[in-house]
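Morning, everyone. Have a look at this chain with me before we get into the details.

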Amino acid sequence: MNPTNPVNAAPHPGRRPALPKTAAAAATGAVLACAAVWFFSWVERHDEQACATTDGLCWTWWDWAAVPLTLTAALITLMVVYKRLGITPRLAVVLPTVVLAPLPLGAADTAAGWWAATIVGAAWAGSLALAAWDRHRIPALAVSAALLLASLVALYR
């Protein structure tokens, strides 16, 4: 064994494999998706109770605040988790994850319920996090595009 041969060399200490980071990002996406589905169902139940005696249109504070609160919480959570995982560039990965996530999550929740939204949330966050690595960028973006296309077909067919 030749120690100067690059085949035998140890991996660069600053480089860690993409799979553990992507799995952690997918777990974070699953937790955020499940929490979002639970929060929106809570808001819906709260609105039904608050507007039960109203015959016309009825909006509560939660109707107006639910989406911005959910997006803000998801953005902050993903930024913190991705910083801890060392996934860079964070803004290039987090913003599409948060901004486009309502499409696949909404389609999965509509089609099959909260468990499907949780699985799709994990796949969505994991595939976009995997796109941070050059080696995996094309397959990861292809999976993300397929999820987005499938969600659009499910929502608008």
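First, a term. Buried means under 20% relative accessible area, exposed means over 50%, and partly exposed covers what lies in between. With that cut-off, Cys-58 counts as partly exposed, because its relative accessibility is 25%. Cys-51 is buried, since its relative accessible area is 15%. Keep in mind that this is a predicted model.

Why start with those two? Cys-51 and Cys-58 form a disulfide. In general, a disulfide is a covalent bond between the sulfur atoms of two cysteines. Here the sulfur atoms of Cys-51 and Cys-58 sit 1.9 Å apart. The angle about the S-S bond is -70°, and the link is left-handed. The count comes to one disulfide. There is also Cys-34, partly exposed, at 31% relative accessible area.

Now the overall picture. The chain has six helices and zero strands. From the N terminus on, the order is α-α-α-α-α-α. There are 157 residues, and buried ones make up 34% of them. What about contacts between residues at least 6 apart in sequence? Of these, 60% join residues at least 24 apart.

Let's zoom in on helix H4, residues 102-112. Which of its residues are buried? They are Pro-104, Leu-105, Ala-107 and Ala-108. Seen down the axis of H4, these buried residues fall within an arc of 165°, so they line one face of the helix. An α-helix has 3.6 residues a turn, so residues three or four places apart point the same way.

What do the buried residues of H4 pack against? Four helices: H1 (18-50), H3 (90-100), H5 (114-130) and H6 (137-156). After H4 comes Gly-113, with a positive phi near 105°.

Next, the largest pocket. Its volume is about 620 Å³. It is lined by 26 residues, and the closest to its centre are Leu-32, Ala-36, Phe-40, Thr-70 and Leu-105.

H1 gives the most, with nine residues. By class, the lining has 19 nonpolar residues, six polar and one charged.

To recap: six helices, one disulfide, and a largest pocket to which H1 gives the most lining residues. Thanks, over to you.

Methods
Residues numbered from 1 in each chain as written. Predicted model: local features only at pLDDT ≥ 70, side-chain atom pairs only at ≥ 80, totals over all residues. Heavy atoms only, no water. Buried < 20%, exposed > 50% of the residue type's maximum accessible area, 1.4 Å probe, protein only. Helix = DSSP H or I, 4+ residues; strand = E, 2+ residues; numbered from the N terminus. Arc of directions from axis to C-beta. Contact = heavy atoms within 4.5 Å. 1 Å grid on protein atoms, 1.4 Å probe; cavity = no way out; pocket = protein on both sides within 12 Å on 5 of 7 lines; lining within 4 Å. Points joined across faces, edges and corners; volume = space filled by probe spheres on them. Nonpolar A, V, L, I, M, F, W, Y, C, P; charged D, E, K, R; others polar. Disulfide = S-S within 2.5 Å.
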